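Please look over the sequence and the model first, and then read on.

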Amino acid sequence: MLRKFHILLLLIVPAWGWTQDSNASAESIRVDIQGLEGELLENARNHLTAALPSCQTTQWKLNRYAKQATLRIEKSLQAMGYYTPQIRYQTAVQDACAELVYQVEPGPATVFRDIDIQVQGAGSEYDSLMELVGRLPLVEGERLRHDNYSRSKDALLSTAISGGFLDSYFIKSSLDIYSQKQVVDVELLLDTGQQYRLGEISFEQSKTVLQEQLLHKLIQPQLDGIYSQELLSEMRQSLSIADYYKRIDFVTSVDKQAHRVNVHIQLQPGAKYEYTVGGGVSTDEGPRLRLGYDNYRVNTKGDRYAIDGTFSGVSQELTFVYQRLGHDPGKQSWDYSIGLRREEIDAGESTTASIGAAYSKRTDNGWNNTTSLEWLYEDFSEQGRDETTLLLIPGYSWSFSRSDRPFYTSKGLRTSMTLKGADQQLLSDASFVSLTADLKWIRSLNARSRIILRGGIGAIATSDFDELPLSLKYFAGGDSSIRGYSYKSVGPEDSNGRLVGGRFLAELSSEFEYRVYGDWGAAVFMDAGDAFSDDFDLKRGVGIGVRWYSPVGPIRIDIGHGLDDPENNIQLHFSLGQDI
């Protein structure tokens with residue numbers, strides 16, 4: 001029994017002693033590198049990745065680590081082009097802990113002497129590749145950096161492959177260093193072989209959404225292209241229109257003999273139906289409710305329709321839009337619409353019914369051009385009189401939008417212009433021509449803040465302005481106009497002080513937004529403008545706002561104060577939607 005106790009004691013005591021040493025040695029020695037600065041010092045520190053000895057290490061272990069660290073510092077300097085450094089070290093004890101101090105003289109830098117970069121094969125006539133050769137960071141007389149050399153090789157190879165030269169490889173890649181002369185010679189010889197083109201295209205749909213003929217039309221612009229990852233990205237974008245598919249996968253097979261890449265595209269359909277329910281409240285319109293229903297797959301020709309309704313104390317609107325893809329389905333579409341709207345504003349009340357057709361075409365440079373024809377019936381009351389108007393309104397609009405991100409745009413632009421009119425000789429009760437244009441510009445100052453500028457103008461030419469219905473006249477005020485003024489409350493007044501619509505519109509808004517924490521931000525803004533017919537009377541609104549960058553888009557709540565409002569009211573504005 002006593003013998004067993006001694007054995008147990010012998011096992012416990014060393015373990016206890018090891019624990020004590022482990023706790024005591026938790027602190028490591030300090031390594032100080034002197035004589036280097038900037039990127040040389042940072043790179044040297046990054047190379048010292050081995051675990052540091054503890055403060056209580058033996059002299060033998062300290063010397064072994066010092067020699068290993070010397071080699072690592074030397075290697076870090078060679079990576080930056082310094083091949084003849086002088087490295088010395090000494091040890092010291094400070095606060096009962098060993099310290100290792102290095103004195104480093106990097107010496108003269110090794111520079112490029114002879115640089116020979118050649119491309120052979122069909123890629124020697126590929127402009128992007130040959131332009132890259134002239135931009136590589138390998139320049140005679142410049143300091144050698146091994147990372148620049150490696151990146152140059154990777155850039156040459158990736159550019160060749162992305163350009164369709166899938167068989168590209170380096171016949172020769174040498175870096176000859178003459179450390180005593182402090183010079184280096186580079187020789188790179190890239191053989192690209194033949195350029196590969198897009199081969200056969202096949203589709204596989206887990207459920208037939210679009211006809212295969214239509215799918216081929218969607219990717220028609222890419223069918224004769226050179227094979228590359230960029231080409232596949234363009235095909236993906238073409239197939240992603242209107243959210244017909246939730247997932248698009250590419251399976252490629254290489255035909256080396258024909259120098260072609262066959263692509264099999266696997267498509268998984270998105271949701272056929274979508275329901276939308278939303279709401280809000282503002283002093284503009286009071287409580288507001290939005291209901292929506294979308295059918296994305298009426299048939300395999302790509303037809304779809306949407307029903308939208310918005311209801312508030314000021315306005316109620318119900319629209320039905322049926323869309324068909326055009327001959328070039330990636331760029332063309334036809335929209336047929338029916339709409340009902342009732343609105344009650346300070347200037348009066350109006351009830352409208354409309355039927356319309358519109359043909360839209362997107363150009364290669366991103367502009368969307370739309371030709372439309374609308375039949376509009378409006379029953380309205382204004383200035384104590386009741387009127388009805390029937391108009392046949394042809395129109396044409398141009399629009400362009402671009403943004404890096406839809407929900408929190410750091411760089412974006414949206415602009416549009418609409419020209420429309422009617423003639424009494426063509427099934428209309430009045431003649432007019434109107435031109436409206438607007439612009440929105442967003443730029444980030446840094447990761448947390450951005451500036452948003454918005455502007456709009458409009459003008460109406462007519463011989464009898466009073467005959468135009470309320471829906472065609474200009475008013476200002478509201479969450480998308482001059483904040484601090486209620487919805488469509490700004491405009492010219494008649495001799496009795498009653499609000500009437502204007503012939504002209506001019507608005508300008510500036511806003512500064514700051515992301516305070518996570519998905520929450522704050523904003524300050526100033527809006528200005530007027531809807532007028534003769535005299536321009538500037539109205540200004542200022543205020544602050546709260547922003548929530550939600551998964552469904554930014555939600556904006558603004559408190560605005562009209563500086564030129566005689567009633568000196570405070571207005572609450574609420575809006576939801578993408579930035580651009």
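## A buried valine in a loop

V500 is buried, with a relative accessible area of 12%, where buried means under 20% relative accessible area, exposed means over 50%, and partly exposed is in between (1.4 Å probe, protein chains only). The place of V500 is in the loop between β20 and β21; helices (H or I, at least four residues) and strands (E, at least two) are DSSP runs, numbered from the N terminus. The model is a predicted one, in which local features need pLDDT of at least 70 and side-chain atom pairs count only at pLDDT 80 or more, while totals for chains, interfaces and linings use all residues. Residues are numbered from 1 along each chain as its sequence is written, and side-chain values use heavy atoms, with hydrogens and water left out.

Leaving aside residues up to four places away in sequence, V500 touches E382, Q383, F475, G491, P492, E493 and D494, a contact being heavy atoms within 4.5 Å. From V500 to K217 the separation is 283 residues in sequence and 50 Å in space, C-alpha to C-alpha.

## A threonine in strand β17

T388 lies in strand β17, which covers residues 385-403, and at 45% relative accessibility T388 counts as partly exposed. Not counting residues up to four places away in sequence, T388 touches Y377, E378, D379 and D429.

## An open sheet of three strands

Which order do the strands of the open sheet follow? The order is β1-β3-β2, with 3 strands and mixed pairing; two strands pair if DSSP finds at least two bridges between them. β1 (30-34) and β2 (86-94) stand at the edges with a single partner strand each, so one side of each is left without a neighbour in the sheet. From one strand to the next, the twist averages 20°.

The pairing of β1 with strand β3 (residues 97-105) runs in the parallel sense over 5 bridges. Within β3, V101 is the bridge partner of D32.

## Two helices side by side

The axes of helix α4 (residues 127-135) and helix α5 (residues 146-162) come within 9 Å and cross at roughly 170°; axes are lines fitted to C-alpha atoms, for helices over the stretch in contact, and angles run from 0 to 180 degrees between N-to-C directions. α4 and α5 are therefore roughly antiparallel to each other, given that angles under 35 degrees count as roughly parallel, over 145 as roughly antiparallel, 65 to 115 as roughly perpendicular and the rest as oblique.

On the α4 side the contact is made by S128, L129, L132 and V133, and on the α5 side by A155, L156, T159 and A160. By class, this contact has 6 nonpolar, 2 polar and no charged residues, where Ala, Val, Leu, Ile, Met, Phe, Trp, Tyr, Cys and Pro count as nonpolar, Asp, Glu, Lys and Arg as charged, and the others, Gly among them, as polar.

## Salt bridges across the chain

How many salt bridges are there? The count comes to 35, a salt bridge being a side-chain nitrogen of Lys or Arg within 4 Å of a carboxyl oxygen of Asp or Glu. One of them joins E317 to R341, with the closest N and O atoms 2.8 Å apart. E317 lies in strand β13 (residues 315-325) and R341 in strand β14 (residues 332-345), so the pair ties together parts that are 24 residues apart in sequence. E317 counts as partly exposed at 27% relative accessibility, and R341 counts as partly exposed at 22%.

The side chains of R450 and D579 also meet in a salt bridge (3.0 Å, N to O). This pair links distant parts of the chain, with R450 in strand β20 and D579 in the segment after β25 (570-576), 129 residues apart. R450 counts as buried at 1% relative accessibility, and D579 counts as buried at 2%. Both belong to a network of salt bridges that links R450, R483, E511, E513, D527, R547, R556, D558 and D579.
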